[in-house]
Amino acid sequence: MTGLTAALSIDAGQTGMKVRIDRVGSDPVERVLPGVRTSEPLLPQLASAARAVAEETGDAFDVVSTGVSGLTSREADAGALLNLLAEFGTRRVLLAHDSVTSFLGTLGDHCGAVVAAGTGVVTLGVGRTATARIDGWGNIMGDAGSGYWIGREGLDAAMRAYDGRGAPTLLLDMLRVHWPDPETSYIELQGDPARVSVVASFAEHVARLASEDAIAARICRTAARELSHSARTALARVADGDGPAPLVSAIGGVFSSALIRERFDELISEAVPDVQIVQAQGTGLDGVAALPTLVEDHPLRTLISVATR
């Protein structure tokens, strides 16, 4: 190593890890590494990512901040990660769920709610003294309005049309492009190790067909209702009386659908008349980099595991 001291930020998702090296007096440097493997222990993977960056750049990382998709309380052990990073001279580690870092990257230190909807979905509400996480419970138990949820609804509607249980829909044609024989589609899907991402990939097709297919449009409007319900619930749980109008921001690939985005905005505005719907200020990686700057009494600090050597 060169002995240069830097801060390392890791935004760890399943599809990829985005990392940023911040050095005093220099512009940040970013890299993309392979994503987290949920079948393996998390912390060694984060340490390996730090090692790969250190070997490439020659930096010693004084502070390592991480935001992790689906982080559980069992894995949120900053002290254990600090021990794994001893070889880099790391003196401080901050470890948080990516709902926290998405919020910080999107709204900074403002109060409000951020809905992050991609393959899965999680909503985080932050008030002056309280926080509330809504959904993010995975595709089996939750993730209402997510890409997986939309894709699964589209496939369900397609098979209902195939059986005659449901109305005719272009979604059946969509299914046949991927599986020419609907009779065997469920067997092929269940046996696909990438079935979660395969199902979620159909959300894009459902959104595209919404302008010409009533069933697809209904699915998109229902997704918007689920997502807005999560945002409203988050705002209600963190409300604490007088204060500035809450901010709401919606991020993630699901909101690339104009129908979903417009209906989401309408429903939020109807339910919370003083709400301000805003665009994201930055990215999840920006939020990871902001973790060390949070003041001690910020409500999000209770959601962050911190260890110092």
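User: Where is Asp143 found?
Analyst: Asp143 sits in the loop between H4 and H5; helices (H or I, at least four residues) and strands (E, at least two) are DSSP runs, numbered from the N terminus. This is a predicted model, where local features need pLDDT of at least 70 and side-chain atom pairs count only at pLDDT 80 or more, while totals for chains, interfaces and linings use all residues. Residues are numbered from 1 along each chain as its sequence is written, and side-chain values use heavy atoms, with hydrogens and water left out.

User: Is Asp143 buried or exposed?
Analyst: Asp143 counts as buried, at 8% relative accessibility. Buried means under 20% relative accessible area, exposed over 50%, and partly exposed in between (1.4 Å probe, protein chains only).

User: What about the phi of Asp143?
Analyst: Phi of Asp143 is positive, about 60 degrees, although Asp143 is not a glycine. Asp135 also has a positive phi, near 60 degrees, and is a residue other than glycine.

User: Where does Asp135 lie?
Analyst: Asp135 is in the loop between strand S8 (131-134) and H4. Asp135 is buried, with a relative accessible area of 11%.

User: Moving on to H7. Which residues are buried there?
Analyst: Pro182, Ser185 and Leu189 are buried in helix H7, which runs over residues 182-190. They cover an arc of only 20 degrees around the axis, so they are on the same side of H7. The arc is that of the directions from the helix axis to the C-beta atoms.

User: Why would residues three or four places apart point the same way?
Analyst: An α-helix has 3.6 residues a turn, so residues at that spacing point the same way.

User: What do the buried residues of H7 pack against?
Analyst: The buried residues of H7 pack against H5, H6 and H8.

User: And what reaches the backbone nitrogen of Glu183?
Analyst: A side-chain oxygen of Asp181 comes to within 3.0 Å of that nitrogen, at the start of H7.

User: New topic. How many residues are in the largest nonpolar core?
Analyst: The largest nonpolar core has 45 residues, and Ile150, Leu171, Leu227, Ile260 and Phe264 have the most contacts inside it. Such a core is a set of buried Ala, Val, Leu, Ile, Met, Phe, Trp, Tyr and Cys residues joined through side-chain atoms within 4.5 Å. Strand S6 (112-117), helix H5 (147-163), helix H6 (171-178), helix H8 (195-209), helix H9 (214-238), strand S9 (247-251) and helix H10 (258-271) each supply at least two residues of this core. H9 gives the largest share of this core, 11 residues. Another core, of 29 residues, lies apart from it and includes Val36, Val68, Leu81 and Phe88.

User: What is Ile260 in contact with?
Analyst: Neighbours within four places in sequence aside, Ile260 is in contact (heavy atoms within 4.5 Å) with Ile150, Cys220, Ala223, Ala224, Leu227, Val254 and Phe255.

User: Which strand does Ile10 lie in?
Analyst: Ile10 lies in strand S1, residues 4-12, and is buried, with a relative accessible area of 1%. Not counting residues up to four places away in sequence, Ile10 touches Met17, Lys18, Val19, Leu46, Val64, Ser65, Thr66, Gly67 and Val288.

User: What separates the C-alpha atoms of Ile10 and Ser65?
Analyst: The two C-alpha atoms are separated by 6.2 Å, and Ile10 and Ser65 are 55 residues apart along the chain.

User: Last one. Where is Thr106 found?
Analyst: Thr106 is in helix H3, residues 98-107. Thr106 is buried, at a relative accessible area of 1%. Beyond neighbours within four places in sequence, the contacts of Thr106 are Val114, Ser249, Ile251, Gln279, Ala280, Gln281 and Gly282.

Key:
Polar contact = N/O pair within 3.5 Å; in protein donor to acceptor, adjacent residues only side chain to side chain.
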